[in-house]
Every structure is written in C-alpha cells, then in structure tokens.
Amino acid sequence: MTDQTDIRRHMSKRQILWGLGLATLLCLAILWPTHAANATLFVFWGLIAVAPIVLPGILLAAWIIASGADSHIARAFEGRTLRAVVAASLIGAVTPVCGVTVLPLMAGLLAAGVPLAPIMAFWLSSPITDPAMLATTVATLGLSFAIGKTVAAFGLGVFGGSITALFARAPWAQTALRDNGLARQLSAARCCGQAQAFEPKVWRSEDRRRAFAKQFWATARLILICLIPAFAAEYALNAALTPGSLATYVGEDSVWAIPAAVFVGAPAYIDGYAALPLTRGLIDNGMSQGAAMAFLISGGVVSIWGAMAIAPVLKLKPFLLYLVLAILGSLAAGYLFEWAV
C-alpha cells in the first residue's frame, strides 16, 4: 500500500512539473511568438546538425553495454585510486566519446560499486577534446591552443578525481546515483547478475539485442532531455549577446576576463566544433588568450550540455562537487594558459 502511495505521489509531482513546463512554454509563445517560432526551428535544425555526431556515440554506448565490453573497460576504473584516476583522465582526454554517450557505462559502474573518483575524472576530461577535436583546433586556433586543451583535459581529470578521492568515505560519494527511473534504466544492464562474457556480435542473442535496444533508448532519451533545452538556451544567448559585447568583458585589459569567460561564456557553448570559430571571432574582437582557453574548457564541462548530462543521475552533493571542480579547473586552465603564452 505504501509503495502504491509513493508511486502515485511521484506521478503527481511529475505531472505538476510537466504542467508547469508546458504552461511556461505557452506563455513564452504568446508573449514572444516570433522568438518562439525561431527558437523551435533553431532547436530542430540543431538536433539535425548534431545527429551525425551524436548517433554513433549512442550506438557505441548501447553496443558497449550489450556486448559486455563494459566489464573490460571497467578495469581501467578499478584498482588503486590514483592509478584509476590517471587512467580515467587519459581515456577521457584521448577517446572520441563524451560523458553523455557513455553515461550508461558510468552509471552502471557507479551502481556496481566503482569509486566515484575515477568516474568524476572521466566526466571532467572527456567533454573537452579528442583526436578529431585536436586536429580541428589546430586548424582553427593554432597548435598552442590544441596542446593547451589536451593538457587541460588531462589535468582537469586528474585534479577532479584526486579531490573527489578525498571524499571517498562520505556516504554521498559511496552512493552517488539518484534513485530514479532513469538512473536505474541506464545502469540496469550492468547491474543485473554476473558480468557478461564479451561478444561483439550482439545481434546473435535475443538478450543482447534487448539490452542494446534498452540502452539505446535510455541514452537517446537522456541526450534529447539535455539537448533540447541546451539549444533553446543557445538561441536565447545568441539573441541577447554579440561577440563584440562579450569581448568587452573578456578582453585583454579586463581583470575579470577569465572569470567572465567561465561564468558568462560557458552557458553559450554547446558544440565543441561550433565553439572553435566562435572563439576565434571573440579573439579577433579582443578576447584574451587565457579567457579564450577558459571559455573552451568551461564550455565543455560547465555548460548545459556538459552539466545536464549527469544532473539527472547524480545526487545533489556529487553534482555540486562536479560543478565546483569544473569551474575551478577552468579558471586554473585559463590563468595557466595566459601565463604560458
């Protein structure tokens, strides 16, 4: 009886939230119909534009879970804490996957008892760069920025993972996952029973096909939850800000250039590739080198794209720790790059 009451209460809260969200959207559409229409088109074409990048990641995430490859990947996150943190930071910095697309694996590892520290290290380092991003950064911003981003990604992972390890005995760090349907769905394939033997041909087994479809839908659902408001926020920021106005606050002569790039610029950053020409334009309009690096680093981990990827599955304290570490690491990267160049 109590379980049914809890379920009804949960459903009632969800319906209230959905109702408030729809009412807010309706009010915005009535007050600013032109912007509402333009924002809808912007979100639609944004989803179309990132689909070739996101879909392979979703497929990879589902295949990792269904094939049993997660058991082998998990070994990099196990063992001594410092070694696991360094390994996770390196994997995050050099592999072409991000925290969103491998969220089922990360959620499953947390549910299976893997410490939060290496998971945090991976989540902090993975959104910043990868081999393709490295090449594109060289072509757009130059070799120094490309090297700086890669070093910053690895350093941020090690820094964040090491700090998180200090809280390893805290109850909220040992049970970091939320107790909600999405977290359970994302981690279900890894948490149920013994780890599966590795089998790359997942289509040969009905159980693996079912696991693949389940994880594909769970990851796709999460990414849509993250991307739709993220693109809407990008439209709003682009409508309110221009590169020239932003450069006023993040120029070379401004004491607040690097903090402003982190706290103001980061929410406008959605896609890493699209951010590169934007950053080049900001530099041309007076943005300092350190502020530009802080903008690029914080954009990957502090933005709606980065933060909302883990907000639905992490409890409040580990999520706030993620944000604090991301902000501090981004500030440090900006100041160090400004000093180095």
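How far apart are the closest N and O atoms in the salt bridge that Arg210 forms with Asp207? They are 3.0 Å apart. Let's start with some ground rules and then come back to that pair.

## Before you dig in

What you see is a predicted model, where local features need pLDDT of at least 70 and side-chain atom pairs count only at pLDDT 80 or more, while totals for chains, interfaces and linings use all residues. Residues are numbered from 1 along each chain as its sequence is written, and side-chain values use heavy atoms, with hydrogens and water left out.

So what's pLDDT? It is the predictor's confidence in each residue, from 0 to 100. The protein has a mean pLDDT of 75, with 67% of its residues at 70 or more. Confidence is highest in helix H8 (residues 143-165), at a mean of 91, and lowest in helix H10 (residues 181-191), at 57.

## The overall picture

This protein has 17 helices and zero strands. Both are DSSP runs numbered from the N terminus: a helix is H or I with at least four residues, and a strand is E with at least two.

Of the 341 residues, 45% count as buried. Buried means under 20% relative accessible area, exposed means over 50%, and partly exposed is in between (1.4 Å probe, protein chains only). The protein exposes about 17,000 Å², and carbon and sulfur atoms supply 69% of that. Accessible areas here come from the Shrake-Rupley method with a 1.4 Å probe, and for residues only the protein chains shown count as cover.

What about contacts, meaning heavy atoms within 4.5 Å? Among those between residues at least 6 apart in sequence, 84% join residues at least 24 apart.

Side chains of opposite charge can pair when their charged atoms come close. The rule used here calls it a salt bridge when a side-chain nitrogen of Lys or Arg is within 4 Å of a carboxyl oxygen of Asp or Glu. That rule gives a count of two salt bridges. In one of them, Arg210 meets Glu206, at 2.9 Å from N to O. Glu206 and Arg210 sit four residues apart in helix H11 (residues 206-240), so about one helical turn separates them.

Asp207 and Arg210 are also in helix H11, three residues apart, about one turn of the helix. Asp207 counts as exposed because its relative accessibility is 52%, whereas Arg210, at 48%, is partly exposed.

On the surface, Leu82, Val86, Leu90, Val94 and Phe154 form a nonpolar patch with about 410 Å² of accessible area together. Patches are made of residues with over 30% relative accessible area and no salt bridge; like charges are joined within 9 Å, and nonpolar side chains (Val, Leu, Ile, Met, Phe, Trp, Tyr) within 5 Å. Helix H4 (residues 81-94) gives the most to this patch, with four residues. Val86 has its place in H4 and is partly exposed, at 33% relative accessibility.

Helix H6 (residues 116-125) is another story: 10 of its 10 residues are buried, so the rest of the structure largely encloses it. Among the buried residues of H6 are Pro118, Phe122 and Trp123.

Lys149 is found in helix H8. It is buried, because its relative accessible area is 0%. Its side chain reaches the backbone oxygen of Ile128 at 3.2 Å. Leaving out residues up to four places away in sequence, Lys149 touches residues including Thr129, Met133, Leu276 and Ile297.

Ser298, in helix H15 (residues 289-301), is buried too, with a relative accessible area of 0%. A polar atom of the Ser298 side chain lies 2.7 Å from the backbone oxygen of Ala294.

Ala36 of helix H2 (residues 33-67) is 196 residues from Ala232 in sequence, with 9.5 Å between their C-alpha atoms. Lys317 of helix H17 (residues 316-340) is 141 residues from Ala176 along the chain, and their C-alpha atoms are separated by 8.2 Å. Ala36 is partly exposed, at 23% relative accessible area, and Lys317 is exposed, at 53%.

Definitions and conventions
A polar contact is a pair of N or O atoms within 3.5 Å; within protein, one must be able to donate a hydrogen and the other to accept it, and residues adjacent in sequence count only if both atoms are side-chain atoms. Contact means heavy atoms within 4.5 Å.
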